[in-house]
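Keep the model open as you read.

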Amino acid sequence: MGFLDAEPPPQNNLLESLNDQTLTLDGKDDVTVAYIDFAKAFDSVSHQKLCHKLLGYGISGNMLTWIENFLSERIQCTRVNDSLSSSRQLLSSIIQGSCLEPILFVLYINDNVKLFDEQCMCKLYADNMKLYTCTNFSDGASMLQKYLAKLVHWSRIWQLNISHKKMLYITHSQYHM
(Lines give C-alpha, C1' and ligand atoms only; values in the text may rest on other atoms or scores of the structure.)
Protein backbone atom coordinates (compact mmCIF):
# COMPACT_ATOMS: atom_id res chain seq x y z
CA MET A 1 0.00 0.00 0.00
CA GLY A 2 1.38 3.44 -0.95
CA PHE A 3 1.34 6.36 1.45
CA LEU A 4 -1.60 7.98 -0.33
CA ASP A 5 -3.75 4.83 -0.44
CA ALA A 6 -5.16 5.31 3.07
CA GLU A 7 -7.60 8.03 2.03
CA PRO A 8 -9.97 6.79 -0.68
CA PRO A 9 -12.05 9.24 -2.67
CA PRO A 10 -15.12 10.37 -0.67
CA GLN A 11 -17.58 8.28 -2.67
CA ASN A 12 -15.52 5.12 -2.05
CA ASN A 13 -15.22 6.03 1.63
CA LEU A 14 -18.99 6.30 1.95
CA LEU A 15 -19.73 3.17 -0.11
CA GLU A 16 -17.19 1.04 1.76
CA SER A 17 -18.59 2.16 5.12
CA LEU A 18 -22.18 1.57 4.04
CA ASN A 19 -21.32 -1.88 2.70
CA ASP A 20 -19.45 -2.88 5.88
CA GLN A 21 -22.24 -1.64 8.11
CA THR A 22 -25.05 -3.20 6.07
CA LEU A 23 -23.35 -6.60 6.03
CA THR A 24 -22.76 -6.37 9.78
CA LEU A 25 -26.38 -5.50 10.54
CA ASP A 26 -27.60 -8.26 8.20
CA GLY A 27 -25.38 -10.66 10.16
CA LYS A 28 -27.16 -9.65 13.38
CA ASP A 29 -24.21 -7.73 14.85
CA ASP A 30 -24.01 -4.05 15.77
CA VAL A 31 -22.03 -1.18 14.33
CA THR A 32 -20.46 1.38 16.65
CA VAL A 33 -19.25 4.54 14.92
CA ALA A 34 -17.32 7.61 16.04
CA TYR A 35 -17.23 10.68 13.79
CA ILE A 36 -14.24 12.88 14.59
CA ASP A 37 -13.21 16.34 13.46
CA PHE A 38 -9.76 17.77 14.07
CA ALA A 39 -10.17 21.32 15.40
CA LYS A 40 -8.46 24.00 13.29
CA ALA A 41 -6.56 21.15 11.67
CA PHE A 42 -4.91 22.99 8.80
CA ASP A 43 -3.85 25.82 11.13
CA SER A 44 -2.37 23.40 13.68
CA VAL A 45 0.12 21.54 11.50
CA SER A 46 3.59 22.05 12.96
CA HIS A 47 6.10 22.89 10.23
CA GLN A 48 8.89 21.07 12.07
CA LYS A 49 6.80 17.93 12.60
CA LEU A 50 5.53 17.99 9.01
CA CYS A 51 9.10 18.08 7.70
CA HIS A 52 9.97 15.18 10.02
CA LYS A 53 7.12 13.14 8.50
CA LEU A 54 8.16 14.10 4.97
CA LEU A 55 11.64 12.72 5.69
CA GLY A 56 9.97 9.49 6.84
CA TYR A 57 8.23 9.26 3.47
CA GLY A 58 11.57 9.62 1.72
CA ILE A 59 11.16 13.25 0.70
CA SER A 60 14.59 14.85 1.11
CA GLY A 61 17.20 16.95 -0.63
CA ASN A 62 16.05 19.82 -2.83
CA MET A 63 12.39 18.83 -2.59
CA LEU A 64 12.38 18.94 1.23
CA THR A 65 14.37 22.20 1.21
CA TRP A 66 11.87 23.72 -1.21
CA ILE A 67 8.92 22.71 1.03
CA GLU A 68 10.73 24.00 4.15
CA ASN A 69 11.32 27.32 2.37
CA PHE A 70 7.71 27.41 1.23
CA LEU A 71 6.54 27.05 4.84
CA SER A 72 9.14 29.21 6.58
CA GLU A 73 9.24 32.92 7.28
CA ARG A 74 5.52 33.36 6.70
CA ILE A 75 3.85 36.14 8.62
CA GLN A 76 0.25 37.00 9.26
CA CYS A 77 -1.77 39.86 10.67
CA THR A 78 -5.45 40.45 11.20
CA ARG A 79 -7.38 43.23 9.54
CA VAL A 80 -10.56 44.69 11.02
CA ASN A 81 -11.93 47.50 8.87
CA ASP A 82 -8.93 49.83 8.42
CA SER A 83 -6.95 48.54 11.40
CA LEU A 84 -4.16 45.96 11.18
CA SER A 85 -2.78 43.95 14.07
CA SER A 86 0.93 43.54 14.51
CA SER A 87 2.52 40.88 12.30
CA ARG A 88 3.48 37.48 13.74
CA GLN A 89 5.55 34.69 12.26
CA LEU A 90 3.71 31.43 11.57
CA LEU A 91 5.30 28.34 13.12
CA SER A 92 2.39 26.14 12.19
CA SER A 93 -0.29 26.10 9.50
CA ILE A 94 -0.37 24.81 6.02
CA ILE A 95 -0.90 27.72 3.66
CA GLN A 96 -4.61 27.56 2.96
CA GLY A 97 -5.61 27.95 -0.64
CA SER A 98 -2.24 26.76 -1.89
CA CYS A 99 -2.05 23.82 -4.26
CA LEU A 100 0.11 21.99 -1.69
CA GLU A 101 -2.39 22.33 1.17
CA PRO A 102 -4.35 19.10 0.62
CA ILE A 103 -1.37 16.85 -0.07
CA LEU A 104 0.72 18.21 2.82
CA PHE A 105 -2.18 17.71 5.21
CA VAL A 106 -2.77 14.13 4.01
CA LEU A 107 0.93 13.40 4.46
CA TYR A 108 0.72 14.85 7.98
CA ILE A 109 -2.22 12.74 9.17
CA ASN A 110 -1.90 9.66 6.98
CA ASP A 111 0.10 7.63 9.50
CA ASN A 112 -2.73 7.67 12.05
CA VAL A 113 -4.46 4.88 10.12
CA LYS A 114 -1.71 2.55 11.38
CA LEU A 115 -3.30 2.85 14.85
CA PHE A 116 -6.21 0.71 13.68
CA ASP A 117 -6.56 -2.88 12.51
CA GLU A 118 -9.26 -5.11 11.04
CA GLN A 119 -11.35 -4.75 14.21
CA CYS A 120 -11.66 -0.99 13.78
CA MET A 121 -12.13 0.54 10.36
CA CYS A 122 -10.79 4.03 9.73
CA LYS A 123 -11.94 6.34 6.94
CA LEU A 124 -10.35 9.76 6.39
CA TYR A 125 -11.62 12.74 4.48
CA ALA A 126 -9.83 16.08 4.82
CA ASP A 127 -9.78 16.89 8.56
CA ASN A 128 -12.53 14.38 9.40
CA MET A 129 -12.27 10.79 10.47
CA LYS A 130 -14.77 7.99 10.85
CA LEU A 131 -13.93 5.01 13.07
CA TYR A 132 -16.23 2.02 13.32
CA THR A 133 -16.40 -1.48 14.69
CA CYS A 134 -18.68 -4.23 13.48
CA THR A 135 -19.44 -6.54 16.40
CA ASN A 136 -21.90 -6.89 19.27
CA PHE A 137 -22.61 -3.69 21.19
CA SER A 138 -20.70 -4.35 24.42
CA ASP A 139 -17.60 -5.46 22.52
CA GLY A 140 -17.92 -2.70 19.94
CA ALA A 141 -18.20 0.13 22.45
CA SER A 142 -15.25 -1.00 24.57
CA MET A 143 -13.19 -1.83 21.49
CA LEU A 144 -13.86 1.57 19.93
CA GLN A 145 -12.97 3.28 23.20
CA LYS A 146 -9.56 1.57 23.10
CA TYR A 147 -8.94 2.89 19.59
CA LEU A 148 -10.16 6.37 20.51
CA ALA A 149 -7.62 6.43 23.33
CA LYS A 150 -4.88 5.59 20.80
CA LEU A 151 -6.11 8.39 18.54
CA VAL A 152 -6.12 10.90 21.42
CA HIS A 153 -2.53 9.93 22.23
CA TRP A 154 -1.51 10.31 18.56
CA SER A 155 -3.27 13.68 18.30
CA ARG A 156 -1.42 15.02 21.35
CA ILE A 157 1.94 14.01 19.92
CA TRP A 158 1.21 15.60 16.55
CA GLN A 159 -0.60 18.66 17.99
CA LEU A 160 -3.95 18.10 16.28
CA ASN A 161 -6.76 18.67 18.74
CA ILE A 162 -9.96 16.70 18.44
CA SER A 163 -13.05 18.90 18.36
CA HIS A 164 -15.16 17.34 21.11
CA LYS A 165 -18.10 19.61 20.22
CA LYS A 166 -18.22 18.13 16.71
CA MET A 167 -17.60 14.53 17.74
CA LEU A 168 -20.47 12.08 17.36
CA TYR A 169 -20.70 8.53 18.71
CA ILE A 170 -23.46 6.22 17.46
CA THR A 171 -24.37 2.55 17.77
CA HIS A 172 -26.51 1.00 15.03
CA SER A 173 -28.22 -2.21 15.99
CA GLN A 174 -30.43 -4.34 13.80
CA TYR A 175 -32.74 -4.61 16.86
CA HIS A 176 -33.28 -0.83 16.91
CA MET A 177 -34.15 -0.47 13.23
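**From fold to salt bridges**

This is a predicted model. Of the chain's 177 residues, 42% count as buried. The exposed surface comes to about 10,800 Å². Carbon and sulfur atoms supply 55% of that area.

Next, the layout. The chain has 6 helices and 8 strands. Starting at the N terminus, their order is α-β-α-α-α-β-β-β-β-α-β-β-α-β. Among contacts with a separation of 6 or more, 71% join residues 24 or more positions apart.

Now the charges. Side chains of opposite charge can pair when their charged atoms come close. The structure holds 2 salt bridges.

Take Asp-37 and Lys-166. They form a salt bridge, with 3.9 Å between the closest N and O atoms. The cut-off is within 4 Å, so this pair counts. Asp-37 sits in strand β1 (residues 30–37), and Lys-166 in the loop between α6 (137–157) and β8 (168–173), so the bridge ties together parts 129 residues apart in sequence. Asp-37 is buried, at 9% relative accessible area. Lys-166 is exposed, at 57%.

The other pair is Lys-53 with Asp-111. Their side chains meet at 2.6 Å, N to O. This bridge also links distant parts of the chain: Lys-53 belongs to helix α3 (residues 47–56), while Asp-111 lies in the loop between α5 (101–109) and β6 (121–125), 58 residues apart. Lys-53 is buried, because its relative accessible area of 7% is under 20%. Asp-111 counts as partly exposed, at 22% relative accessibility.

Methods. Residues are numbered from 1 along each chain as its sequence is written. This is a predicted model: local features need pLDDT of at least 70, side-chain atom pairs count only at pLDDT 80 or more; totals for chains, interfaces and linings use all residues. Side-chain values use heavy atoms; hydrogens and water are left out. Helices (H or I, at least four residues) and strands (E, at least two) are DSSP runs, numbered from the N terminus. Buried means under 20% relative accessible area, exposed over 50%, partly exposed in between (1.4 Å probe, protein chains only). Contact means heavy atoms within 4.5 Å. Accessible areas come from the Shrake-Rupley method with a 1.4 Å probe; for residues, only the protein chains shown count as cover.
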